[in-house]
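Biologist: Before I use any of the labels, I would like to hear what stands behind them. Please set each value against its cut-off.

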Amino acid sequence: MSPLSRSSSARRTRPPAVDPACAAAVDIARAAAEETARPGKVGDHLGLRAEADRVVTHAFACLDPAYQGWHWAVTVARASRSKVVTVDECVLLPGDGALLAPEWVPWLERLRPGDLGPGDLLPTAPDDVRLAPGFAAVDDELDRQEQYELGLGRVRVLSREGRDEAAARWYEGPAGPHASIATAAPAQCSTCGFYTLMAGELRQMFGVCANEYAPDDGRVVSADHGCGAHSEAVSVPLASEHGPPVIDELGYEIVAPGDTGD
Ligand code: SF4
């Protein structure tokens, strides 16, 4: 199929007539393509297509090995009652099977957890469903910490969707009950002295580990997570009241045969 053949939807409308002068201007179109391309990169004339009255696009094969499957499209036109054909535009277009760049993905969709580095800024979209509007009015009589936990004074706070997403992510992640360290733990975080409850509704299920020797120190852990550094993991035995036995290997005592020492 010619690279300039029409789509089925375009065929339904009456195509413009091919202007003979523009159709004959193959050399003008080729010269334009060769001027734009590198020398020797314009191949055979592949066909033409009427774009409108007195406007025709000529197609030429592209011989550049970096653009296999592409073709040069040179549009020529002439004014009404004029015999002079001029070049409108000259572009390189992909055909069927042309090698194309992957579809563009906005950076926000490409971003992955852990991509943010020191000094990077990550703006949150105004319609981010993870956030909900906070209360603008702040009552001076309220305790400041209480205000903060309620979201007062903050433009946006965590929405129900945002909270549920975070809870599911944390619970299924390495700080949840299915982590290998948790399945081998002697007891759950909920019974550990280092388990510090979170504020808000998340406190029902999550806390922060405050044990510097635990792998999750400073991180959110689920109540049924756990590790070997649990505060009650090991019962340390009390120090013995008796010292260890001392054996005198240098001195000796003479004992008569048959003397049992009784
Ligand atoms: S020390 Fe271990 S058991 Fe205790 S809160 Fe931290 S992770 Fe949980």
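Modeller: Two strands pair if DSSP finds at least two bridges between them. Helices (H or I, at least four residues) and strands (E, at least two) are DSSP runs, numbered from the N terminus. With those terms, β1-β2-β3-β4 is the order in an open sheet of four strands with antiparallel pairing. Its edge strands are β1 (42-52) and β4 (86-94), each of which pairs on one side only. On average, neighbouring strands of this sheet are turned by 20 degrees against each other, direction ignored. Such axes are lines fitted to C-alpha atoms, for helices over the stretch in contact, and angles run from 0 to 180 degrees between N-to-C directions.

This is a predicted model, in which local features need pLDDT of at least 70 and side-chain atom pairs count only at pLDDT 80 or more, while totals for chains, interfaces and linings use all residues. Residues are numbered from 1 along each chain as its sequence is written.

Biologist: How do you know that β2 and β3 pair?

Modeller: Strand β2 (residues 55-62) and strand β3 (residues 70-77) share seven bridges in the antiparallel sense, and the rule asks for at least two, so they count as paired. Within this pair, F60 stands opposite W72 in β3.

Biologist: Why is R54 called buried?

Modeller: A residue is buried if 20 or more other C-beta atoms lie within 10 Å of its own, exposed if 12 or fewer, and partly exposed in between, with C-beta atoms placed from the backbone. R54 has 20 such atoms within 10 Å, so it is buried. R54 lies in the loop between β1 and β2.

Biologist: Which residues is R54 in contact with, leaving aside its neighbours within four places in sequence?

Modeller: They are D19, C22, A77, R78 and S80; contact means that the C-beta atoms, placed from the backbone, lie within 7 Å. The C-alpha atoms of R54 and V18 are 7.2 Å apart, across 36 residues of sequence.

Biologist: What makes T36 partly exposed?

Modeller: T36 has 16 C-beta neighbours inside 10 Å, so it counts as partly exposed. T36 belongs to helix α3 (residues 26-36).

Biologist: Which residues are closest to the ligand?

Modeller: C189, C192, C209, N211 and C227 are the closest of the 14 residues that surround the ligand. A residue is near a molecule if its C-beta atom, placed from the backbone, lies within 6 Å of it.

Biologist: Where does pLDDT stay under 50?

Modeller: That holds over residues 236-241, for which the model has zero contacts beyond four places in sequence. pLDDT is the predictor's confidence in each residue, from 0 to 100. Where pLDDT is low, the predicted coordinates should not be read in detail. The protein chain averages 82, and 76% of the residues score at least 70.

Terms used
Two residues are in contact if their C-beta atoms, placed from the backbone, lie within 7 Å.
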